[in-house]
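Me: Pick one part of this model and walk me through it slowly, please. I'd like the cut-offs spelled out as you go.

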Amino acid sequence: MDANVPQGLIPSAAELIRFLPEIILTLAGVLIMVLEPLTPPRGKRTLGYLSFAALAAALGASIYAYSMPGPAFSGMLVVDGFSTFFRVLVTAVGLLTVLSSSHFLEREGAEPGEYYALLLFSVMGQCVMVGANELILLFIGLEISSIASYVMTGYLRDDKRANEAALKYFLLGSFATAFLLYGVALIYGATGTTSLIAIRAALASSARPDLLLVAVSAALMFVGFMFKISGAPFQIWAPDVYQGAPTPVAAFLSAGPKAAAFAIFLRVFSSAFGSIGDRWEPLVWFSALLSMTIGNFAALTQSNIKRMLAYSSIAHAGYVLVAMTARSEDGSAAAMFYLGAYALMNIGAFAAVAHFSRKGERYLEINDMAGLGFRQPVPAALFSICILSLIGVPLTAGFFGKFYIFKAALQSNLIWLTVLGLLNSAVGAYYYLRVLVVMYMHEPGEATTSLQPITAGLGAALWITAAGTLALGIFPSMVLEFAIKAAQ
Amino acid sequence: MSLLDLLLAIPLAGFLLLLFLPRDDHRTIRTAALVVSLIVFAASLALPFHYETQTTDVVWIRQPEIHYHVGADGLSLWLILLSTLLTPIAILISWSYIQTRVKEFFAFLLLLEFGLIGVFMALDLFLFYVFWEVSLVPMYFLIGVWGHERRIYAAVKFFLYTMAGSVLMLAAMIYLYNRAGTFDYGSILASLASGALALTAAEQMLLFLAFFVAFAIKVPLFPLHTWLPDAHVEAPTAGSVMLASVMLKMGTYGLLRFCLPMFPQAARACAPWIVTLAIIGIIYGALVALVQPNMKKLVAYSSVSHLGFVVLGIFSFTQQGLDGAVYQMLNHGISTGALFILVGYLYERRHSLEIKDFGGVSTPAPWLATVFLITTLASIGLPTLNNFVGEYLVLQGAAQANFTWAVFAAIGVILSACYMLWMYQRTFYGETPEEVRAHVHDLSLREWAAIVPLVILMVWMGSYTRTFLPVVSAANTGILQHVDVNRRIQVKAPPPVNARPAAQEIVIGR
C-alpha cells in the first residue's frame, strides 16, 4: 500500500532529524539513569540541570525539525505544524516542571535521578503521541507517557495519598487504554489499516466499511481519550490523582499529558473520523457541557486548593471540548491555543501552591493562604495573574483562549453551548475569586507568617508562566497564527 | 500618537511606576499618584478643543481582526473628562484616609482610571469589552481590601454580577463579528445602516437583550441594582466616588453607544418595559433612600433613583430626553461624587455613617455645612444648579414621548427633595452632641482642594449650559438619526448580502 516501504527500512537523515527530539530525550533519560548511582548525594542537582538541558535541546530540535516537515518511518510519524506546536508545548511543560520540581524534591527528600528520567520518558512519549500518524505508534506513545506518569504520581512513596493516587491512576488508566486498544483493533478489522490517512480514505471511499463496526471503534477510542483528558463522564479519577500527586507532578499532569491527549484526540477524530463528524458531534457536545458544569460546580465547594484546581481542570477540558465540537479549523486552532494558555496559567498556579505548601505539603487549604498578598507581594501578584487568567479576565491568555473558543463555536452555530459555556465561566469566577479574597483581603495567619522567600526554581517558573500568560493575552497573534496555520 | 493614546498611556505608566516605588515611602507614593493623575487631567483639558481630530486606529490582533481603535465624540468627551477630573480628587480624599497598603491602593486607582478612560474611548467592540473587564479588577480590590466590615461580600457580589452580565455581551459581540466580519463599531454601524448587514427581528432582539442586561446591571436598573448599595456602603470613599461618578456611567454610556444605534427596532420594542423599570427604580430608590439610617446607603439608593432618570431619558427616543440623559450622567457624576466625598469627610471625623450619630454639625463646621448644602440642593435639582437642567430635559423628553411617564418620574424629583433635605436637617441642624463637638472640625486645605472643583462645576453646568450641551446634542442627533435610518432600512426588502460599505463611511460624532 505504501510505495516506499523498502527504502523506509533504513531511515534517511531527514527522517532522523524529524525524530530528533525523541532521540535526545531518550538518550538523556537513559544517561540520567546511568549517572544516578555514580553521582555523589551533593551532586544530584546536576541531574536536574542535565534534564533541563535535554528538554531545552528537544525543544530546539522540535523547532528545527519543522524546517523539514514531512513523514518519517513509512508514514508512521509526521512532522507538521500541528505536531510541532504540541511538541514545543509538551517540552516547554517539561522545562517548567523541572524548574518547579528541583526544590520540591530536595524539600521532600526524594531521589531526583529516577524522577527526572521518568519525566524525560513521559515527555518523550508525549512527543511520539503528538507526532503519530498511525494508531499503533500513537498507542505506544500514550503508554510510554502514561506509565512514566503513573510512577511519578506515586513518587513520594511514604505518602499515603500519593500511593492511593498512583494506584487509582494506574488501574483506571490501564482500563482506559484497554478501551482505546479495542477501538484500534476494531478499526483495523473494519478498514484493514491503522494509518490515520488510510482510515480516512477508507471511510470516504464508495466501498464504505461496516459503519456499525466503525462506530463502535470510534466510541471505544472516544472513551479512552476522554479518560486521558479527564473529560466528563470519565473524570472521576482526576481530583484524587491531582490531590495525591506531588504538586509539581500534578502541574505536569494537568498540562503536558493532557495537551498531548487532546492532540491525538483532535487528530484522530478530525482526520480519521472526520467524515462521520456529525455522528460524534452530539457526544462531544454533551461531554463538553457536562465537563464544564461538573468541574465548575464541584470546584465551588472545595477547600483544598489542589482539589479545587483539579476540578477546575475538568472544567477547562470542557472548554477545549467546546472547541472540538465546532469541528472547524478555527475550532482546532482555538483548542491548540487554549491548551497552550492553560498549560502556562495552570503550571503557574501549581508552582505557587508548591511554594506555599512547605515540607510534607502541610498547607494546602485555601484559607491557609490568608494575607499572602501583602506578605510576599511579588509571588502573590504573579499567582494572581495566573488566577485572573484562569477566570478569563481580558489581557490574559485565558481570556483570549476562551474568546477564541467561543468564537469558533458560534461560527459553527453552537449557540446554546456557547451561552452555557460562558455562564459556566462566570460560575468559575466565584471559586477563583476566593483565592484572591483570601490572599488579599484576609489577615495573615500562621501559615503565611512562617513562609520563607521563594526559591529560584519556583520563582523562575512563576515569572515565566505569569509573563507568558500576559504576553499571550496581549499579543496572541504570534501563537494564534501558527495554530491557525497548523490546524489547516 | 493622538491625545487619546496619551490619556491611556499616562495612567498605565503611572500604575507601573508606582509598582516599582519603595513600599514604605507613603509620601512619595501619594505624591507620584497625584502628579500622574494631574498630568492626565491637564492633558485631557485640551480634548474639548481637538476631540474630533483625535483618533487612532491600528491593528492589534490580526486574526480575528481586532483593532486598537479609539476616538471621542460629544457623548464620550465629557465622560472622559469626568474620569480624569475625579481621579486626582479621589487621590486627594484618600491622602490621609488610606494608611495601610498605600502603594497598592494608589496603583489600583490609576489602573482604574486607565480602564474607565478606555471604556469611553474604545470604538472596537472587542477593545470595549477588554476595558470594560479591566476596570472591574481594580475596583474589586479597592472594595475588597480597603472597604468596611462586609467588604468581601460586597466585592465578590460586585464582581460576579458584572461578570455574569458581561459574558452574554461577549457572546453577542462574537455573534455580530461572525455576521459582520468586523469588530469595528463604525463599520458595523455603517453596514447596518446600508442594509449590508440585515439582522432579523429575532436576532436583533436577542443581541439587544444580551447587551442590555450587561449595561442594565452596571447602571444599575431596578431590579438588578442590589449589588450597588452593598458596594457603595462597603467601599472606601475613593472607591464609592469612582464607582458612582464614573463606573455607573459605563452602563448608560453603553446603552447610548451600542444598544440604541445598533438595535433600534428592538430598543423601541422594549422601551415601554424598560421605562417602566426605570420609573419603578426612580420611585423605589427614592422611597428606600427616605428610610435609610445610613448616609452612604442613602446616597447609594439616591443613585438608583437618579440613574432611573437617565434610562428614562434614553428610552424616550427624543432629542431632549437623550440630551437630558447625558447631561444627567455628568451631573450625577459631579453631585453624587461630591456627596460621597462629603459623607467621607464626616466619616473621617466621627467614624460613623449613621445619621443618628450626627446633629448640629453646622456649628463646629460651618464651611462643611455650606458646601454640603450646595451639593444637596444641586442633587435635589434646584434651578441654576446642574441637576435641574438634566432633570428638566429628561422630563420634557419623557413628556413628549408619553405624558404619563413624566408624571410618575416627577414624583421622584419631589421625593429626592424629601430625603436629601431631611438627611441634611438631621445631620447639620439641631442640638450638637458632645461626640460631634469633640471630633468634627471644619474643612482642611486638602479637603477644600478636593471639593471646590466640583462645586464650581455644579454652578457652571447649572447656569451656563452652552459650554457642555451643544456637543452632546450633536452626538445625540447622530444616534437618533441612526435609530431612524435603521428603521427605514428594515422595512425595505433584504438587500444584497455582500455589499459591505467602507469603514470610513460613518465617522461618529459628526
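This is a predicted model: local features need pLDDT of at least 70, side-chain atom pairs count only at pLDDT 80 or more; totals for chains, interfaces and linings use all residues.

Reply: Residues are numbered from 1 along each chain as its sequence is written, and chains are lettered from A and ligands numbered from 1 in the order in which they are written.

(Helices are DSSP runs of H or I, at least four residues, and strands are runs of E, at least two, numbered from the N terminus.) B:Phe222 counts as buried because 23 other C-beta atoms fall within 10 Å; the cut-offs are 20 or more for buried, 12 or fewer for exposed and partly exposed in between, using C-beta atoms placed from the backbone.

What does B:Phe222 touch, leaving aside neighbours within four places in sequence? The contacts are B:Leu277, B:Ile280, B:Gly281, B:Tyr284 and B:Val304, where contact means C-beta atoms, placed from the backbone, within 7 Å. B:Ile279 is 57 residues away along the chain, yet its C-alpha atom is 8.9 Å from that of B:Phe222.

The loop also holds B:Pro220, and the peptide bond between B:Val219 and B:Pro220 is cis, with omega about -5°.

Now for helix 10 itself. Helix 10 of chain B packs against helix 13 (residues 264–290) of chain B at about 70°, axes 8 Å apart. The axes are lines fitted to C-alpha atoms, for helices over the stretch in contact, and angles run from 0 to 180 degrees between N-to-C directions. That makes the pair roughly perpendicular, since 65 to 115 degrees gets that label, with under 35 roughly parallel, over 145 roughly antiparallel and the rest oblique.

On the helix 10 side you'll find B:Ala201, B:Gln204, B:Met205 and B:Phe208, meeting B:Gln265, B:Ala266, B:Ala267 and B:Cys270 of helix 13. The tally is 6 nonpolar, 2 polar and no charged residues; Ala, Val, Leu, Ile, Met, Phe, Trp, Tyr, Cys and Pro count as nonpolar, Asp, Glu, Lys and Arg as charged, and the others, Gly among them, as polar.

The bond from A:Ala232 to A:Pro233 is cis, with omega near 0°. A:Ser230 lies in that chain A loop too, with a positive phi near 55°, and A:Ser230 is buried, with 28 other C-beta atoms within 10 Å.

Methods:
Two residues are in contact if their C-beta atoms, placed from the backbone, lie within 7 Å.
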